[in-house]
Amino acid sequence: MLTQKKKKMKIYLKKFPTHIKTSKTKFKKINGNLIWSTSNHFIRNMIKEEISKYILEELENIKSLEMKYPLRIRSKYFLPWNYHNVSMRKDKKGNKVISWNKDNNYDNNYKWDIGNLGYIWDKVFIDCLTKKKLIPDDSIRYVRSSGGVEFIPINNLSERKIIFEIEEY
């Protein structure tokens with residue numbers, strides 16, 4: 001029996017944004033909890049727009065996926081164990097910067113849920129594939145499987161990245 005090898009593609013999102021600006025002085029961490037805990041549609045739209053802007057910039061040079069449909073889309077999140085400690089702070093000059101302190105006590109570092117982070121990025125990534133016309137739409141005719149989210153631990157927040165793996169189903 002002859003089987004054809006399925007095509008695969010990886011799209012890397014390096015140093016992705018961790019927060020969005022919600023007002024002149026406030027930032028909110030991007031995660032699914034923010035979506036579920038707020039009924040404020042302006043906040044939800046801000047999150048989606050900020051993530052979309054970032055992803056579309058990263059997809060700029062991709063003209064075609066050159067794959068047969070349907071597709072399977074999975075994601076890998078390379079983050080420190082204590083990603084829950086990442087916050088937005090003011091530096092000495094008053095500028096907003098990402099704050100993160102490495103904590104080697106792994107017992108303290110199981111306080112976050114990879115699904116809460118992956119849910120929103122995965123959804124917006126697929127929407128961006130549609131917006132950029134890399135897929136006709138995000139229906140099950142074209143995307144049969146999505147949302148396989150995996151956490152890969154790293155030692156430093158500056159090395160953070162998301163890898164989206166797209167393959168023929």
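Modeller: Start with one definition. Two strands pair if DSSP finds at least two bridges between them. Keep in mind that this is a predicted model.

Colleague: How many bridges join β5 to β6, and in which sense do these strands run?

Modeller: First, the general idea. Strands of a sheet pair through backbone hydrogen bonds, either parallel or antiparallel. Here, β5 and β6 run antiparallel and are joined by four bridges. The hairpin of β5 and β6 has five residues between the strands. In that hairpin, Gly94 takes a positive phi near 90°.

Colleague: In what order do the four strands of the open sheet come?

Modeller: The order is β1-β8-β4-β7, with mixed pairing. β1 (8-14) and β7 are the edge strands. Each has a single partner strand, so one side of each is left without a neighbour in the sheet. On average, neighbouring strands of this sheet are turned by 15° against each other, direction ignored.

Colleague: Over how many bridges do β4 and β7 pair?

Modeller: They pair over 10 bridges, in the parallel sense.

Colleague: Now the side chains. How many aromatic pairs does a search of the whole structure find?

Modeller: Seven aromatic pairs turn up. Take Trp81 and Phe151. Their ring centres are 5.3 Å apart and their planes stand at 70°, so this pair is edge-to-face. The cut-off behind that call is over 60 degrees.

Colleague: Which parts does the pair of Trp81 and Phe151 tie together?

Modeller: Trp81 lies in the loop between β4 (71-80) and β5 (87-90), while Phe151 lies in strand β7 (residues 143-154). The pair therefore ties together parts that are 70 residues apart in sequence.

Colleague: Which charged end sits over the ring of Tyr83?

Modeller: That of Lys29, 4.4 Å from the ring centre. Look also at Phe78: Lys161 lies over its face, 4.9 Å from the ring centre.

Colleague: Last, the helices. At roughly what angle do the axes of α2 and α3 cross?

Modeller: Two packed helices are described by the angle between their axes and the distance between the axes. The axes of α2 (residues 41-58) and α3 cross at roughly 60° and come within 9 Å. That angle makes α2 oblique to α3. The crossing of α2 past α3 is right-handed.

Notes: Residues numbered from 1 in each chain as written. Predicted model: local features only at pLDDT ≥ 70, side-chain atom pairs only at ≥ 80, totals over all residues. Heavy atoms only, no water. Phe/Tyr/Trp six-rings, centres within 6.5 Å; stacked < 30°, edge-to-face > 60°. Helix = DSSP H or I, 4+ residues; strand = E, 2+ residues; numbered from the N terminus. Lys NZ or Arg CZ within 6 Å of the ring centre and 35° of its normal. Axes fitted to C-alpha atoms, helices over the stretch in contact; angles between N-to-C directions. Parallel < 35°, antiparallel > 145°, perpendicular 65-115°, else oblique. Left-handed = near helix turned anticlockwise from the far one by under 90°.
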